[in-house]
Every structure is written in structure tokens, then in C-alpha cells.
Amino acid sequence: MDLIIGSHVSFSKNEQLLGSVKETISYGANTFMFYTGAPQNTNRLPIDDNLTNQGLELASENNIDYSKVIVHAPYIINLASDDSEKHNFAIKFLKEEIKRCEKLKIKNLVLHPGSHVKAGVDIGIENIINGLNEVFEYDSDVVVLIETMAGKGSECGKNIDEVKRIIDGVNNKNRIGICLDTCHLNDAGYDVSNFDDILDEFDRKIGIEKIKCIHINDSKNIIGSHKDRHENIGLGTIGFDTLINIIYNKRLEDIPKILETPYVTRNDDEKERAYPPYKFEIDMIKNKKINNNLIEDIRNYYK
Ligand code: FE
Ligand code: FE
Ligand code: ZN
């Protein structure tokens with residue numbers, strides 16, 4: 001089976017899914033993930049069926065298995081919140097997002113479980129479970145993938161046991177899955193260089209078949225730092241060889257691998273991140289060979 005590799009891509013106002021597929025192809029990828037609007041807000045435009053159909057057609061002409069494509073929910077919705085207004089807003093938004101996924105023919109929706117703020121992890125997890133059960137009263141084939149988190153601030157879902165508690169509490173297990181993130185696992189304290197041990201623990205406690213997506217990111221910080229700052233492939237504390245071993249792990253073969261690494265600045269003095277790294281990172285991954293000139297190659301290509 002071919003490697004299923006892609007990245008986060010944009011979903012623009014004018015081209016919507018068609019634009020996302022074009023961007024995917026420009027990176028030499030065969031899968032992708034997108035937000036249905038800006039990740040940091042909940043303003044969402046209506047889905048244009050025409051652009052969706054054109055996108056689906058272009059995807060199938062380019063060997064993209066659309067059944068594996070991922071939507072990511074905005075990270076500001078917080079099911080864990082003990083503030084009922086915020087909690088209820090998250091439920092309402094998530095139901096609408098599932099309907100948008102249906103319109104886009106998307107099966108898998110990634111969700112950050114949420115932050116308990118000061119309510120404590122037990123109450124946070126209870127709020128997440130109740131919220132998901134309410135969301136799942138709307139019947140759908142869309143599966144919500146709980147992402148494993150770095151444990152920054154008061155994030156819930158920072159280890160396998162917390163993710164297991166959430167899944168155990170959900171009534172309809174067909175509606176729930178897991179999304180791993182290599183940077184988050186590292187920052188949460190897992191040694192990702194022994195990835196089979198992590199997968200064994202997931203399998204024992206939850207079932208490896210629940211893992212439907214993996215985010216491939218290097219990390220700017222050391223193991224257990226609880227920071228959640230992604231780094232470009234090979235330039236962080238996880239390193240190229242370890243990431244390659246995870247990407248090519250046989251047990252993850254049919255799972256989409258999604259890069260969420262940071263854009264690159266135009267030069268060393270600039271702050272604004274202008275250039276996507278994905279074409280070049282995907283190249284390194286396909287060749288299983290590190291490019292020691294990664295940042296310069298990206299700058300030269302896009303300038
Ligand atoms: Fe995420
Ligand atoms: Fe992620
Ligand atoms: Zn992250």
C-alpha cells in the first residue's frame with residue numbers, strides 16, 4: 001500500500017474544496033486536512049456544492065482517497081468548559097460542523113477535547129462526555145476523532161488514560177475515534193522513539209483500530225514540556241529518523257499522516273511566516289532522506 005501523506009491545507013472563500021485539492025496536489029500529497037473556515041474563529045460560510053463536486057472530481061483524478069480526508073474543528077470551541085454558555089456553544093457548533101462535513105462528504109472530524117480551565121480534569125472530562133453524547137443525538141456517519149493533547153494549561157486528553165475515559169463515556173462508540181499527534185505526545189511526556197510501546201498501550205486500553213489519523217510534527221520543546229509548539233520535520237527535538245519510523249510503521253499503514261508544521265519566514269530577520277514547507281517535507285519523507293538545506297530550498301522555491 002502507498003504511503004498516505006499530506007498536510008493541513010487552506011479552505012478559501014472563493015475556491016473552497018476545489019482550492020484545497022489544488023493545494024494538496026501542489027505539495028505532491030495524496031491526502032489532506034482542512035478547517036472549514038479560520039481555525040481560530042467560528043465564522044463559517046455556506047458550502048458551495050459546485051466547488052465540492054469539482055474538488056471531489058479533481059481528487060479522484062489525482063489518486064486522493066477522499067474517504068481518508070480530514071476536517072479539523074476550530075480549536076476555540078471548548079466542550080470541557082464548565083461555563084454553560086461556552087459548553088453549549090461548542091455543542092451547537094460541533095453539530096453544525098458535522099452537517100458541513102456531511103455536505104463535503106467528509107467522514108472524519110478531528111476535535112481538541114478542550115480545557116477545563118479551573119474546574120479540574122474530572123469535571124472537564126465529564127463535560128466533554130456529556131457534550132459529545134448530546135452532539136451524537138444528531139445521527140450521522142461522521143466520526144469525531146479526539147486528538148491527544150500536549151497538556152498545555154488545563155488541556156484534557158493529555159494522556160492515553162484521559163482519552164480512554166472520554167471514549168468510555170460516549171454511548172455510541174461508532175461515532176468516536178482517535179487522532180494522534182507526534183508533537184503533542186512528545187510534549188505530554190511520551191517517548192515517541194518507542195512508538196510501538198505507545199501503540200501497544202493504546203491497543204490494550206482502547207483498541208488500535210480507533211486511531212484514524214496521525215499528525216506528524218517535530219517539536220520545538222523537550223519531552224514532557226507540555227508546550228505544544230510544532231517544528232519543521234527534522235529540525236526539532238524528535239528528529240527525522242524517529243518521525244520516519246513512525247510514518248512507516250506497518251501498524252499505521254492505512255492511516256493518513258498529516259503535517260501541521262510551521263510555515264517558513266522569507267528570511268531570518270522576518271517574523272511573518274509566508275511559505276508552506278509541505279512540498280519539501282513530503283519529498284524528504286518519500287525519499288526517507290533528510291534535506292539539510294530544507295529552509296533555504298523552501299525560500300528559493302517560493303520567492
Ligand atoms: Fe489539532
Ligand atoms: Fe495536531
Ligand atoms: Zn499542536
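In the predicted model, His-230 is in contact with Asp-181, Cys-183, His-184, Asn-217, Asp-218, Lys-220, Glu-260 and Pro-262, when its neighbours within four places in sequence are left aside. His-230 itself belongs to strand S9. With a relative accessible area of 18%, the residue falls under the 20% limit and therefore counts as buried. Two of the residues around His-230 also take part in polar contacts: its side chain meets that of His-184 at 3.4 Å, and it reaches the backbone oxygen of Glu-260 at 3.0 Å.

His-230 is also a metal donor. Together with His-184 (NE2) and Asp-228 (OD), it coordinates the zinc ion (ligand 3) through NE2, at distances of 2.0 to 2.3 Å. Along the chain these donors are spaced H-x43-D-x1-H. His-184 is located in helix H6 (residues 182-188), whereas Asp-228 occupies the loop between strand S8 (218-219) and strand S9 (230-231); the pair therefore ties together parts that are 44 residues apart in sequence. Both His-184 and Asp-228 are buried.

The zinc ion (ligand 3) is separated by 5.2 Å from the iron ion (ligand 1). The protein donors of this iron ion are His-72 (NE2), His-112 (NE2) and Glu-147 (OE), which lie 2.1 to 2.3 Å from the metal. Their spacing in sequence is H-x39-H-x34-E. His-72 is part of strand S3 (residues 70-72) and Glu-147 of strand S5 (residues 143-147), so that this pair links parts that are 75 residues apart in sequence.

Strands S3 and S5 are members of a barrel, which eight strands close in the order S1-S2-S3-S4-S5-S6-S7-S10 with parallel pairing. From one strand to the next, the twist averages 30°. Within this arrangement, strand S7 (residues 211-216) pairs with strand S10 (residues 257-259) in the parallel sense over three bridges. In this pairing, Ile-214 stands opposite Lys-257 of S10. Helix H1 (residues 16-26) packs on the sheet, where it touches strand S1 (5-8) and strand S2 (31-34); the direction of the helix makes an angle of about 135° with that of S2.

Apart from residues up to four places away in sequence, Leu-132 touches Leu-79, Leu-94, Leu-111, Val-144, Ile-146, Ile-166, Val-170 and Ile-176.

Conventions:
Residues numbered from 1 in each chain as written. Chains lettered and ligands numbered in written order. Predicted model: local features only at pLDDT ≥ 70, side-chain atom pairs only at ≥ 80, totals over all residues. Heavy atoms only, no water. Donors = N, O, S within 2.8 Å, 3.2 Å for Na, K, Ca; no water. Helix = DSSP H or I, 4+ residues; strand = E, 2+ residues; numbered from the N terminus. Buried < 20%, exposed > 50% of the residue type's maximum accessible area, 1.4 Å probe, protein only. Contact = heavy atoms within 4.5 Å. Pairing = 2+ DSSP bridges. Axes fitted to C-alpha atoms, helices over the stretch in contact; angles between N-to-C directions. Polar contact = N/O pair within 3.5 Å; in protein donor to acceptor, adjacent residues only side chain to side chain.
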